[in-house]
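Please take a moment with the sequence and the structure shown here, and then follow the paragraphs below, which go through the parts one after another.

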Amino acid sequence: MIKQIFEFDDELRVNRLGYGTMQLPGHGVWGPSADEANAVAVAKRVLDSEVNFIDTADAYGPFYANLYLKEALRDYQGPHKMIASKVGFTRQGPDVWTVVGDPNYLRQQVELNLWSLGLDSIDLMQLHRVDPRFSIEEQVGVLADMQKEGKIKHIGLSQVSVEEIKRAQAIAKIASVQNRYNLIDRRDEAVLDYAESQHMAFIPWFPLATGKLASDQNSILNQIAQNHLATPSQIALAWLLQRSEVILPIPGTSNIKHFESNIQAAYITLAPNEFEALNQLAGKVN
């Protein structure tokens, strides 16, 4: 039986299949959604679902994703949902991302995340990227200071190497790492293995790189999907959940039906031969 719960601490226990807000803002993750009422409705549907781990970032919009989530949280009365956010990117236009890791800027952005989400404390604050102009010790250090101030509960990293994680761990406890990883892109296998050894959450971004594999009706991915009366995307998510008990996929969407389809992946168990067949897809062109 696949373990579906991940424990960050005694109080923060989450279902491993989460949700990412990156698709809620406009094209290129820039500006407002073309349908802001729908963006809020999607966020409300997530809150009303079994998903209790939500990943966002100040750079998504910027801030629009946080504001839609804030609006959805305004009237929410259910069980606690773990909110993860990120700091360290600035935005200058659609699909333009510029790293800024100045500790003073990171401190400001943590405060703006608290404001834009309407929260007193962020459950998980991640360094979105390491800025080479500042040491990782400085960048993680300011998050550790804000953790001591009670504004952050846990600290995470994004798109880092094992060496960088170890350096960060010398400054603060690192609860998570968010690197690109999916069915066909496994260049960060060593980072996943290290996260597993540390019982550190591994949050794969871009988890649904099925692309041409899904469009080929004769592909192994499609055959396995047919076996389970599922979609290729559901199978890709099921594979991630089965790959490691520390993996927390966060597929994002601005479509409620797509969201509801994604969460069904948590109920799919791949047979050993299916899992192994999918393992062989690493490196396939998307």
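**A walk through the predicted model**

Not counting residues up to four places away in sequence, Leu-69 touches Ala-43, Ile-54, Thr-56, Ile-83 and Leu-117. The model in which these contacts are found is a predicted one, and Leu-69 itself has its place in helix α2, which spans residues 64-74. With a relative accessibility of 2%, Leu-69 counts as buried, because that value falls under the 20% cut-off for the term. Thr-21 stands 48 residues away from Leu-69 in sequence, yet the distance between them in space is 8.2 Å, taken from C-alpha to C-alpha.

From the helix we can turn to the sheet. This is an open sheet of 7 strands, which follow one another in the order β3-β4-β5-β8-β9-β10-β11 and pair in parallel. The edges are taken by β3 (19-20) and β11 (201-202), each of which has a single partner strand, so that one side of each is left without a neighbour in the sheet. For β3, pairing with strand β4 (residues 53-55) is in the parallel sense and runs over 2 bridges, and Gly-20 has Asp-55 in β4 as its bridge partner.

Further into the strand order, β5 (residues 82-87) runs parallel to β8, and 4 bridges join the two; here Val-87 is found opposite Leu-127 in β8. Strand β8 also pairs with β9, again in the parallel sense, over 5 bridges, and in this pairing Met-125 has Ile-155 of β9 opposite to it.

Asp-95, in the loop between β6 (89-93) and β7 (96-99), has a positive phi of about 60° although it is not a glycine; with a relative accessible area of 51%, Asp-95 is exposed. Gln-159 is likewise not a glycine and has a positive phi, of about 50°, and its place is in the loop between β9 (152-158) and α5 (162-169). At a relative accessibility of 29%, Gln-159 counts as partly exposed.

Helix α8, made up of residues 220-227, has Leu-221, Asn-222, Ile-224 and Ala-225 among its residues, and these four are buried. Why do they lie on the same side of α8? They cover an arc of only 165° around the axis, and this is what puts them on the same side of the helix. Just after α8, the backbone at Leu-229 takes a positive phi of about 50°.

The last stop is the empty space in the model. Rolling a probe the size of a water molecule over the atoms shows where such space is left. The largest pocket holds about 460 Å³ of space, and among the 20 residues that line this pocket, those closest to its centre are Met-22, Gln-23, Tyr-60, Trp-205 and Phe-206. By kind, the lining of the largest pocket divides into 10 nonpolar, 7 polar and 3 charged residues.

Definitions and conventions
Residues numbered from 1 in each chain as written. Predicted model: local features only at pLDDT ≥ 70, side-chain atom pairs only at ≥ 80, totals over all residues. Heavy atoms only, no water. 1 Å grid on protein atoms, 1.4 Å probe; cavity = no way out; pocket = protein on both sides within 12 Å on 5 of 7 lines; lining within 4 Å. Points joined across faces, edges and corners; volume = space filled by probe spheres on them. Nonpolar A, V, L, I, M, F, W, Y, C, P; charged D, E, K, R; others polar. Buried < 20%, exposed > 50% of the residue type's maximum accessible area, 1.4 Å probe, protein only. Arc of directions from axis to C-beta. Pairing = 2+ DSSP bridges. Contact = heavy atoms within 4.5 Å.
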